Amino acid sequence: MATNRTLTMIKPNAVEKGYVGAMLEKITASGFKIVALKMTQLTLTDAQEFYAVHEGKPFYEFLCEFMSSGPIVAAILEKENAVEDFRTLVGATNPEEAAEGTLRKLYGETVSLNSVHGSDSDDNARIESSFHFSRREVFK
Ligand code: CMP
């Protein structure tokens, strides 16, 4: 069953560069409601668990090291067709290939430092949301 929620993380490079406010503004201006929000830092083990689906890929080790290298901002976003619409707003994995106006085009640097994560399916949105937030931290 499709849900109306997705999980995003603003990645360490974008937090470090001070893009959090601008990115959240763009996200809400695009029709997404923030129903959960936190700044946190993943341990290496956390990142390995979050990205376990990519284990064994050539970029996995760097991805996990990078994602645990500094604070991130995690949020659950609500909107009709949230997963698909947010992936459109995020843009292609490689910022160089991302469409104009997308978050990765505006704030991404490289395919690894691409500024933002968005869930790729409703099932993963649920799993990733539970990874970051307890029930008490999620609002209507
Ligand atoms: P994200 O949406 O967080 O999901 C997995 C991440 O792996 C992805 O964003 C990229 O940052 C990274 N990634 C995916 N493909 C590659 C690749 N070919 N080379 C390096 N990093 C990649």
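Reply: What follows sets computed values against their definitions. This is a predicted model, where local features need pLDDT of at least 70, side-chain atom pairs count only at pLDDT 80 or more, and totals for chains, interfaces and linings use all residues. Residues are numbered from 1 along each chain as its sequence is written, and side-chain values use heavy atoms, with hydrogens and water left out.

Me: Why is His117 called buried?

Reply: Buried means under 20% relative accessible area, exposed over 50%, partly exposed in between (1.4 Å probe, protein chains only). His117 has 11%, so it is buried.

Me: Where is His117 found?

Reply: His117 is in strand S4, residues 116-118. Strands are DSSP runs of E with at least two residues, helices are runs of H or I with at least four, and both are numbered from the N terminus.

Me: Which polar atoms lie by the ligand's oxygen atoms?

Reply: An N or O atom in the Tyr51 side chain is 2.6 Å from a ligand oxygen. For a polar backbone atom of Val111 the distance is 2.9 Å. A polar side-chain atom of His117 lies 3.0 Å from a ligand oxygen. The protein buries 76% of the 460 Å² that the ligand exposes when taken alone (Shrake-Rupley method, 1.4 Å probe; for residues, only the protein chains shown count as cover).

Me: What makes S3 mostly covered?

Reply: Seven of its seven residues are buried. Ile72, Ala74, Ile76 and Glu78 point one way, while Val73, Ala75 and Leu77 point the other.

Me: How do you know that S1 and S2 pair with S3?

Reply: Two strands pair if DSSP finds at least two bridges between them. S1 (residues 5-10) and S3 have six bridges, and S2 (residues 33-40) and S3 have seven, so each counts as a pair. Both pairings are antiparallel. Thr8 stands opposite Ala75, and Lys38 has Ala74 as its bridge partner.

Definitions and conventions:
Polar contact = N/O pair within 3.5 Å; in protein donor to acceptor, adjacent residues only side chain to side chain.
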